[in-house]
Amino acid sequence: MKVWAVANQKGGVGKTTTAITLAGLLSSRGYNTLMIDMDPHGSLTSYSGFDPDTVDDGVYTLFKGSNIMLASVIKKTKFDRLYLMPASTALATLDRQLGAQDGKGLVLSQTLQRISSRFDYVLIDCPPMLGVLMVNALAACDHLIIPVQTEFLALKGLERMMYTLNMIMRSRKIPVPYTILPTMYDKRTRASQQSLRHLEEHYAANLSSTPIPIDTQFREASRAGVPLPMVDRYARGVVAYTTLLNYLADFDSVREQPFEKAVSM
Amino acid sequence: MNIFSEQPAVVLEHETALQVYFDALLQDMSGSIYAEESQKSLIEEKILEQNNILGPVIGIAEGSAPFTVNERRVSSKVPTWATTPFQSLLFSTYGVKMVVPLIQLHSIVNLKAPIKYVPSNSAWFMGILPWRGKHVKVIDICKLMAMKGAEFKGLEESAHKRLVLINDGSWGFVCDDVSKVFTLYPGQIQWRSDWTHRAWLAGTVIEHMCTLLDMDEFVLHISGISPAA
Ligand SMILES: Nc1ncnc2c1ncn2[C@@H]1O[C@H](COP(=O)(O)OP(=O)(O)O)[C@@H](O)[C@H]1O
Ligand SMILES: [Mg+2]
């Protein structure tokens with residue numbers, strides 16, 4: 001099982017879009033894929049057709065206790081091999097409730113260890129703020145994807161994210177490989193071009209080779225509640241995410257054929 | 001240890017604050033003092049197990065079928081659990097010896113982490129201790145008993161080393177230490193005659209000249225008057 005987290009402390013940079021598009025691609029390639037929504041806003045949860053205000057069990061349940069019925073925490077989506085651990089609005093209260101309680105940053109990674117034989121890929125959508133949920137995601141993942149909108153303000157957000165990441169890695173002890181993903185790239189604008197150049201100059205070693213272009217179909221797909229790859233396999237944005245996926249899969253050297261696994265829940 | 005549980009005197013430097021926060025959250029509990037504690041309480045459980053008395057303790061913790069008021073006592077005096085010989089734990093708090101039946105206990109924990117102070121009007125409610133994902137409400141039995149009359153003097157001097165968890169582990173009382181597990185026979189107990197008032201003070205163990213506590217009654221009592229309940 002490979003665990004990828006999508007994080008950036010800035011909102012609206014394409015985190016949720018990245019998580020659901022990669023998950024859609026992976027599941028249609030035949031991999032059992034679990035999406036985990038760690039954002040109290042629950043965009044990924046709503047996108048997948050669940051209501052974060054009324055959903056019963058999900059990520060929040062993991063923090064409540066030890067006796068967790070994984071079958072009720074993990075929901076089947078409308079799509080084959082695509083599963084969701086939903087966010088609920090109550091997630092917003094976790095930091096208040098838990099503070100910096102010892103070991104509470106490892107709740108997710110402990111849960112994932114229990115289900116490691118059931119899924120091929122796990123995609124974690126992170127909240128845009130630093131807190132116990134973000135720490136859990138960064139502690140549980142084997143690869144971190146950091147989407148950065150190609151505009152100047154977003155670059156400041158990236159610096160903040162890198163700083164946070166470095167600090168967490170010191171506590172986590174095992175460093176995590178990460179990939180910076182330029183998003184909403186519009187080659188006609190100077191802002192896009194210049195910020196991409198800035199990324200190439202400063203983060204060359206960890207930069208994804210293809211930026212994700214602006215593609216209005218992402219918003220439409222999100223409104224329809226369907227991952228874009230399931231609507232249009234050849235949309236510009238999907239093609240770019242396919243390149244990213246191949247790169248990441250290559251990185252983790254798991255590009256070989258999927259082996260069918262029955263997920264019985 | 002949770003350094004955020006107490007009000008810091010000064011605000012930490014930005015980077016130090018973050019590092020301490022991450023270190024705490026990502027602390028591998030298998031090497032922490034909590035784990036040490038659970039290790040110890042496991043060892044204690046092992047010893048109890050060897051004495052063939054763990055069964056009832058676990059039974060209470062898992063099933064925790066509360067008695068109904070009618071079932072709690074066979075006669076007006078004797079609780080059901082005391083009609084046959086029963087294992088009990090001798091402990092001391094502020095130097096005062098007391099006995100509880102093992103069957104009513106959940107676990108015994110070394111008190112190393114600080115108890116989180118929770119504001120309340122009751123001197124006997126000491127606060128909350130995070131333990132294995134639970135928030136244990138911590139009680140000072142001596143202060144609870146001393147509420148009426150000043151039977152216990154110099155309460156402040158004592159150092160509590162242990163926390164005895166009762167019920168489903170959501171309550172616990174502090175004690176100086178636990179000293180031994182032994183069998184009590186119903187005949188060794190002088191039962192109190194007045195059950196209407198502080199029924200959790202069940203009787204006196206004549207041989208040890210100490211009070212026998214009934215934790216079922218105790219939990220009923222503190223759930224009724226506790227600020228945290
Ligand atoms: N490559 C893209 N092209 C156009 N719109 C995009 C693209 N990526 C994301 N969006 C849109 O931008 C908005 C914010 O994206 P989202 O993935 O929700 O960001 P985040 O999760 O970081 O807050 C959404 O409306 C989404 O549909
Ligand atoms: Mg989002």
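A polar side-chain atom of Thr17(A) lies 2.5 Å from an oxygen atom of ligand 1. This is a predicted model, in which local features need pLDDT of at least 70 and side-chain atom pairs count only at pLDDT 80 or more, while totals for chains, interfaces and linings use all residues; side-chain values use heavy atoms, without hydrogens and water. Residues are numbered from 1 along each chain as its sequence is written, with chains lettered from A and ligands numbered from 1 in the order in which they are written.

**Ligand 1**

| Residue | Atom in the residue | Distance to an oxygen atom of ligand 1 |
|---|---|---|
| Val13(A) | backbone N or O | 3.1 Å |
| Gly14(A) | backbone N or O | 3.0 Å |

Taken alone, ligand 1 exposes 550 Å². The protein buries 81% of that. Such areas come from the Shrake-Rupley method with a 1.4 Å probe; for residues, only the protein chains shown count as cover.

Helix H1 (15-28) and helix H10 (217-224) of chain A each give two or more residues to the shell around ligand 1. H1(A) gives the most, with 3 residues. Helices (H or I, at least four residues) and strands (E, at least two) are DSSP runs, numbered from the N terminus.

In total, 14 residues surround ligand 1. Among the closest are Gly12(A), Lys15(A) and Asp215(A). A residue is near a molecule or strand if one of its heavy atoms lies within 4 Å of it. By class, the shell has 6 nonpolar, 5 polar and 3 charged residues.

**Strands of chain B**

Strands pair if DSSP finds at least two bridges between them. E10(B) (residues 201-205) and E11(B) (residues 210-213) pair in the antiparallel sense over 4 bridges. Thr204(B) has Thr211(B) as its bridge partner in E11(B). The two strands form a hairpin with 4 residues between them. In its turn, Met209(B) has a positive phi of about 50 degrees.

E11(B) also pairs with E2(B) (residues 96-101), in the parallel sense over 2 bridges. Here Val99(B) has Leu212(B) as its bridge partner.

E4(B) (residues 125-131) and E5(B) (residues 134-139) pair in the antiparallel sense over 6 bridges. Gly127(B) is bridged to Val138(B) in E5(B). Their hairpin has 2 residues between the strands, and Arg132(B) takes a positive phi near 45 degrees.

E5(B) pairs with E7(B) (residues 171-175) as well, in the parallel sense over 3 bridges. Ile139(B) stands opposite Phe173(B) in E7(B).

Technical notes: A polar contact is a pair of N or O atoms within 3.5 Å; within protein, one must be able to donate a hydrogen and the other to accept it, and residues adjacent in sequence count only if both atoms are side-chain atoms. Ala, Val, Leu, Ile, Met, Phe, Trp, Tyr, Cys and Pro count as nonpolar, Asp, Glu, Lys and Arg as charged, and the others, Gly among them, as polar.
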